[in-house]
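Let's take a walk through this structure together. Have the sequence and the 3D view open, and follow along as we go.

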Amino acid sequence: MRAVIHDVLTGGRSAGVIPILGLVAVCCAVYGAVVGVFGAMHGRPVMMLLTAAKLPMALGLTFVLSLPNFWVVNSLLGLRDDMPQALGALARMAAAGALALASLSPVTLLWYASSSSYAGATMFNMLMFSVAGWVSVRGLQRLYAPLIAKNRMHGRALWAWKLGFAFICLQTFWLCRPFLGDPGAPLRIFRESAFGNVYTELGAKIWEAL
Amino acid sequence: MKDGFRQLDRIIRGDATKMRALQGGQLELSVGKASLALLLLAAFAGLCTGSFGVLRDGLSGTPQMVSSAVKIPLVFFLSILVTFPSLYVFNALAGSRLTISAILKLMIVMLSVMITLLASLGPIIFFFGLSTTSYPFMKVLNVVAGLIAGGFGLAFLRRTLHRLVVAHQEHEAQVEAASERMEDPSAGALSEAQEAGSEPKPWPRPGPAPKAEARDDRARLVFRIWLMVFALVGAQMSWVLRPFIGAPGSPFTIFRAQESNFFVGVLNALTALLF
């Protein structure tokens, strides 16, 4: 595991895809457990286990759903021969983001120690996810640069994948709530309104606000 | 079956439509095998589209899923059936040398891209069908997926047609040059000397484009018009064959009553989603 972490942090290419994906799962589980500490501090230690399981599952599901279309689009754009490198770049991107997230665990714990507000904890975790997301995107651009230099079409394929991934990711995470666990609400694995749509809900909220 | 999928793979990778593969002005493709593979992929896309009913209404939604698995392939193949005769006739009248077989293979190439892309979006549609109760959202999502698949398919067709026409022109030029050399060996030597650079090539004479190029331009124009017609026919065919998703709580029907049209239907879904 140390070798894989070193490989991801230094931009190496010696680690295989399976160990990298294993690292993603472990780091997401670690941060998921940290997210669930909020619930544990409010008498629900089981939230640590639930969120440690849900976070890697949500990310993994998003990747799996986005891959068939990524494969077809790359084939149509004549990029099939570069698929191993492209998939390797995506895996390393995920690993970089997951490592960044796991490294922010102490900061998140410090926030929980400083404030017991549920809304504050939600916003803070969204901020941590945004930071990890930014690290992932920057890492992906760097990893994809040689492919784009080889063939500009890789840039288009990457944009299409990013759009699709973001579209699915929002819905996956919406579906997998709660992660923190509202202390004022009953303990549930999934929200009562789990079968909802993030886009229609957010759209309705924006419309109401306007 | 494996052959069919191999052929599809060759098409979407671009191996079947590279200039090298089109030498001789022919598309090397087995229409039957490729069509069988396409039927399966389109049925899978239909299963994903129709799954919204199962995930909402339980087993009573199963007939909708099966119905969509049958109807999605029909949308594509019936649209080709409806527009193919006029395409061939107008293409022939425009002076194109493309045979029925060549045009049919071009259609299969287009369908390969459309259906493969739609099938690759199937898991995403299935996931949203699982996780949302919004029927207007699912309608809009399916229309967007169809537009993406359709756009790629039509763009791929235009590119392949252009390459086929160029390959055909080169093939005809080679055949013509070969027959000229056979009739007059000295002319062949002169043109070979020109090619080798020892003799200057004559200046090209200004004037109207050669007959073959004008004919191929007309063929391209016919195809461009046909692309728009196919898009409209495909959209309206999907309206005629609806429902594909199945409105939650509504009894299952194979077909709905004939009313309105595709564009009004999509506008109504967008309005329901946004307001």
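Keep in mind that this is a predicted model. Why describe the meeting place by an area? The size of an interface is often given as the accessible area lost when the parts come together.

Now look at who takes part. Chain B brings 25 residues to the contact, and chain A brings 24 residues. On the chain B side, Ile12(B), Arg13(B) and Phe127(B) lose the most area to chain A, together 26% of what that side buries.

In a salt bridge between Arg80(A) and Asp9(B), the side chains come to 2.3 Å, N to O. Which elements of chain B give two or more residues to the side that touches chain A? They're α1 (2-13), α4 (100-131) and α5 (135-183), and α4(B) has the largest share, with 11 residues.

Leu202(A), Ile206(A), Trp207(A), Leu210(A), Leu270(B), Leu274(B) and Phe275(B) make a nonpolar patch of about 830 Å². Two or more residues of this patch come from each of α8 (198-209) of chain A and α8 (262-274) of chain B, with α8(A) giving the largest share, 3 residues. Phe275(B) sits in the segment after α8 of chain B. Is Phe275(B) buried or exposed? Phe275(B) counts as exposed because its relative accessibility is 65%, and the cut-off for exposed is over 50%.

Terms used
Residues are numbered from 1 along each chain as its sequence is written. Chains are lettered from A and ligands numbered from 1 in the order in which they are written. This is a predicted model: local features need pLDDT of at least 70, side-chain atom pairs count only at pLDDT 80 or more; totals for chains, interfaces and linings use all residues. Side-chain values use heavy atoms; hydrogens and water are left out. Patches are made of residues with over 30% relative accessible area and no salt bridge: like charges are joined within 9 Å, nonpolar side chains (Val, Leu, Ile, Met, Phe, Trp, Tyr) within 5 Å. Accessible areas come from the Shrake-Rupley method with a 1.4 Å probe; for residues, only the protein chains shown count as cover. A salt bridge is a side-chain nitrogen of Lys or Arg within 4 Å of a carboxyl oxygen of Asp or Glu. Helices (H or I, at least four residues) and strands (E, at least two) are DSSP runs, numbered from the N terminus. Buried means under 20% relative accessible area, exposed over 50%, partly exposed in between (1.4 Å probe, protein chains only). Contact means heavy atoms within 4.5 Å. Buried area is the accessible area (1.4 Å probe) that two parts lose on being put together, summed over both.
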